[in-house]
Amino acid sequence: QVQLVESGGGLVQAGGSLRLSCAASVRADSTWTMAWFRQAPGKERHFVAGISWLSSMPYYADSVKGRFTISRANGKNTIFLQMNSLKPEDTAVYYCGAGRYINPETLYSREQYNYWGQGTQVTVSS
């Protein structure tokens, strides 16, 4: 069983920054993909950013491209999401997801991820 723990959420004003962390209970290898999703009240859980351990290539939703940066700690079981220029519409619970043998063409889909953290709240005031 894999456990994921998110941290770093909080309350910030529009234009501010936050850095989220996700620590996994097992060491990730080249079979793993990890990603950030977010879910606003009454909405579906949507992809934000993801990274494959095989390629190290980052992927981003159009809504956050240029503002958010996903990264991983080399040799560690941790990923980060640096969020800059935050907007009120970024307000959501942010979840860390992980899965194995995920085709890059499908890593945007929440159905591909087998493991989820409990989430961390990000609130951006206007």
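This report describes aromatic pairs, an arginine beside aromatic rings, and salt bridges in one predicted model.

The model is predicted, so local features need pLDDT of at least 70 and side-chain atom pairs count only at pLDDT 80 or more, while totals for chains, interfaces and linings use all residues. Residues are numbered from 1 along each chain as its sequence is written, and side-chain values use heavy atoms, with hydrogens and water left out.

## Aromatic rings

A pair of aromatic rings is described by the distance of the centres and the angle of the planes. Rings of Phe, Tyr and Trp (its six-membered ring) pair if their centres lie within 6.5 Å; planes under 30 degrees apart count as stacked, over 60 as edge-to-face and the rest as tilted. By this rule there are seven aromatic pairs. In one of them, the ring centres of W32 and Y115 are 5.9 Å apart and the planes stand at 40°, so this pair is tilted. Strands are DSSP runs (E, at least two residues) numbered from the N terminus.

Burial is judged by relative accessible area: under 20% is buried, over 50% exposed, and in between partly exposed (1.4 Å probe, protein chains only). W32 counts as buried at 9%, whereas Y115 is partly exposed at 23%.

For F37 and F47, the ring centres lie 5.6 Å apart with the planes at 85°, so the pair is edge-to-face. F37 is in strand β4 and F47 in strand β5 (residues 46-52), ten residues apart. Both F37 and F47 are buried. These two residues also belong to one aromatic cluster with Y59, Y108, Y113 and W116.

## Arginine 45

R45 is found in the loop between β4 and β5. A charge sits over a ring if NZ of Lys or CZ of Arg is within 6 Å of the ring centre and within 35 degrees of the ring normal. The charged end of R45 sits over the ring of Y95, 3.6 Å from its centre, and also over the ring of W116, 4.8 Å from its centre.

A salt bridge is a side-chain nitrogen of Lys or Arg within 4 Å of a carboxyl oxygen of Asp or Glu. In charge assignments, Lys and Arg count as positive and Asp and Glu as negative; His and the chain ends are not counted. R45 is buried yet has no salt bridge, and the nearest side chain of opposite charge, E6, is 7.1 Å away.

## Salt bridges

Side chains of opposite charge can pair when their charged atoms come close. The structure holds five salt bridges, including those in the table.

| Pair | Distance, N to O |
|---|---|
| R38 and D90 | 2.9 Å |
| R67 and D90 | 2.8 Å |
| R110 and E111 | 3.8 Å |

R67 lies in the loop between β6 (58-60) and β7 (68-72) and D90 in the loop between β8 and β9, so their pair ties together parts 23 residues apart in sequence. R38, R67 and D90 are linked in a network of salt bridges. D90 is buried at 0% relative accessibility, R67 is buried at 12% and R38 is buried at 15%. By contrast, R110 is partly exposed at 31% and E111 is exposed at 56%.

Conventions
Helix = DSSP H or I, 4+ residues; strand = E, 2+ residues; numbered from the N terminus.
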